[in-house]
Amino acid sequence: TRSGEVVLVRRDGDQVLFLNALNEFPDAALRRRLPVSDEHLLSAQLIRDRANAPLTLDGINYNGRAAFGVGRQVPGTDWYLLTKTDEAEVYAAGVGQAVWMVLAGALALFVSVLALNLSRQRQALASAARTQQAQRERLQALQLLAAIVESSDDAIFAKDATGRYTLFN
């Protein structure tokens, strides 16, 4: 990455001594020194913790920017190896991915709403078809009844519950 870097440091009294050239300070080898007492400095955290196993770090880099790092002591020496990258670069990559995840989520939501709407429309269409079929059957029954009533010579009539005539010939 642009800000990714491997740094070799060691303790020199109450200071962190950088043993190699740095991206932003090419002449830093054996010249650049920062205080070990700085609680936020990645290299100072590594030296203070005397990490024999890999140690993950979160703080600031030698250039004062927020950074993440992993470091450990070089076996058999008083040197420490630190790999670091700036937080801004890590988060910038994450923001791009987050935007795509949000867009994918919005698309999934849109497709879900569309599918739900289509499902409801199908249900409404099926209900309308059932209602239409029932109306057709009632109409056929009424037409059959009307044909029987009209063609019969006998007196045929029907009353409703209130006593009114609803059908007669």
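A nonpolar core is a set of buried Ala, Val, Leu, Ile, Met, Phe, Trp, Tyr and Cys residues joined through side-chain atoms within 4.5 Å, where buried means under 20% relative accessible area, exposed over 50% and partly exposed in between (1.4 Å probe, protein chains only). The model is predicted: local features need pLDDT of at least 70 and side-chain atom pairs count only at pLDDT 80 or more, while totals for chains, interfaces and linings use all residues. Residues are numbered from 1 along each chain as its sequence is written, and side-chain values use heavy atoms, with hydrogens and water left out.

**Overall form**
- The chain has two helices and eight strands, where helices (H or I, at least four residues) and strands (E, at least two) are DSSP runs numbered from the N terminus.
- Along the sequence, these elements follow the pattern β-β-β-α-β-β-β-α-β-β.
- The radius of gyration, taken over C-alpha atoms, is 42 Å, well over the 15 Å that the globule rule gives for 169 residues, so the chain is more spread out than a compact globule; the rule is 2.2 Å times the number of residues to the power 0.38.
- The C-alpha atoms fill a box of roughly 125 × 30 × 25 Å along the principal axes.
- Of the 169 residues, 23% count as buried.

**The sheet**
- Six strands form an open sheet in the order β3-β2-β1-β6-β5-β4, with antiparallel pairing; two strands pair if DSSP finds at least two bridges between them.
- β3 (33–35) and β4 (55–60) each have a single partner strand, so one side of each is left without a neighbour in the sheet.
- β5 (residues 66–73) and β6 are joined by seven bridges, and F68 has T85 in β6 as its bridge partner.

**The core**
- The largest nonpolar core holds 18 residues, of which V7, V9, V16, F18, L22, Y62 and L82 touch the most other members.
- Two or more residues come from each of β1 (5–12), β2 (15–18), α1 (42–49) and β6 (79–86), and α1 gives the most, with four residues.
- Leaving aside residues up to four places away in sequence, V16 touches residues including V9, L34, P35, A44 and I47; contact means heavy atoms within 4.5 Å.

**Helix α2**
- Helix α2 (residues 87–151) packs on the sheet, touching β4, β5 and β6.
- A147 is found in helix α2 and, at 43% relative accessibility, counts as partly exposed.
- A147 and G69 are 78 residues apart in sequence and 94 Å apart in space, C-alpha to C-alpha.

Methods: Axes fitted to C-alpha atoms, helices over the stretch in contact; angles between N-to-C directions.
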